[in-house]
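Please view the sequence and the structure together before reading on.

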Amino acid sequence: MTSTIRLKEFYSKLPLGVNLLAVSKGHSASAIRDLASQGHHQFGESKLQEALPKINSLRDLKDITWHFIGKIQTNKVRSIVKEFDVIHSIDSLKLAERISRIASEEYKSPLLLAQVKFRPDPNKSGFLKNELLEAWEKLKYLPNVKFVGLMTITPIELALNERKIVFCECRKLANQLGLKDCSMGMSGDWQEALAAGSTILRIGSALFGDRHK
Ligand SMILES: *Cc1c(COP(=O)(O)O)cnc(C)c1O
């Protein structure tokens, strides 16, 4: 099955107000171009070095929105701010402050999502819920950026029903903070995320097939 057929299948299942983010890491610029030619415009990348050449070779496609979804190193912030419209992986107040300052210098105004860790997970970064609540009064007033939602990734060892519980906690916290978006759900658990109120499904392999390394 090709990615364009899989794309149509996803669109047919998405309720109104839920967005599909095509996670194109591990796939070529031409794979992105194929989906863009079907009218899909939202693409997510998690590694800057891998994303930059693809972004550069797709400059002719004016309506692509690039989402950064990976761990952010301090020295990469400027490039990320210059190239990405939405950043899902804000994991500290310090990082958000840096993005805010650099966004001003670069005349950009990225949309941000705070990554939250609802369960212990040594492989993932993110705010703990209490850390986010503590930082929120500062985060929400940072200039040149706008927080639109929360992002979460569930630990791989969690069963699907437990993942759904985590997704519900994420939705509840977003509502509490007055945030519309929840970026949650990947190829293996998007149905649970959708049921819990996800507004952005981050789908890689279920759309593009297995990743090339
Ligand atoms: C790779 C990745 C995805 C997509 O994963 P699939 O299981 O291939 O759908 C989603 N979110 C993040 C943060 C990722 O790094």
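**Ligand contacts**

A nitrogen atom of the ligand lies 2.8 Å from a polar side-chain atom of Arg202, a polar contact being a pair of N or O atoms within 3.5 Å. The model is a predicted one, in which local features need pLDDT of at least 70 and side-chain atom pairs count only at pLDDT 80 or more, while totals for chains, interfaces and linings use all residues. Residues are numbered from 1 along each chain as its sequence is written, and side-chain values use heavy atoms, with hydrogens and water left out.

- Lys25 has a side-chain N or O atom 2.6 Å from an oxygen atom of the ligand.
- For Arg211, a polar side-chain atom is 2.7 Å from an oxygen atom of the ligand.
- Of the 390 Å² of accessible area that the ligand has on its own, the protein covers 89%; such areas come from the Shrake-Rupley method with a 1.4 Å probe.
- The residues around the ligand include Val23, Ile69, Ile153, Met186 and Gly204, where a residue counts if one of its heavy atoms lies within 4 Å of the molecule.

- Strand β4, residues 86–90, is mostly covered, as five of its five residues are buried; buried means under 20% relative accessible area, exposed over 50%, and partly exposed in between, with a 1.4 Å probe and protein chains only.
- Helices (H or I, at least four residues) and strands (E, at least two) are DSSP runs, numbered from the N terminus.
- Strand β3 (residues 65–68) runs parallel to β4 and is joined to it by two bridges; strands pair if DSSP finds at least two bridges between them.
- His67 has Val86 as its bridge partner in β4.
- From β3 the chain passes through helix α4 (residues 77–83) to β4, in a right-handed β-α-β crossover; right-handed means that, with the strands pointing away from the viewer, the path from the first strand over the helix to the second runs clockwise.
- Strand β5 (residues 111–115) is also parallel to β4, with three bridges between them, and Ala114 in β5 is the bridge partner of Ile90.
- The β-α-β crossover from β4 through helix α5 (residues 93–105) to β5 is right-handed.

**Positive phi angles**

- Most residues other than glycine have a negative phi.
- Tyr107, in the loop between α5 and β5, has a positive phi near 55°.
- Tyr107 counts as exposed because its relative accessibility is 77%.
- Asn144, in the loop between α6 (129–139) and β6 (146–151), has a positive phi of about 70°.
- Asn144 counts as partly exposed, because its relative accessibility is 36%.

Note on methods
Polar contact = N/O pair within 3.5 Å; in protein donor to acceptor, adjacent residues only side chain to side chain.
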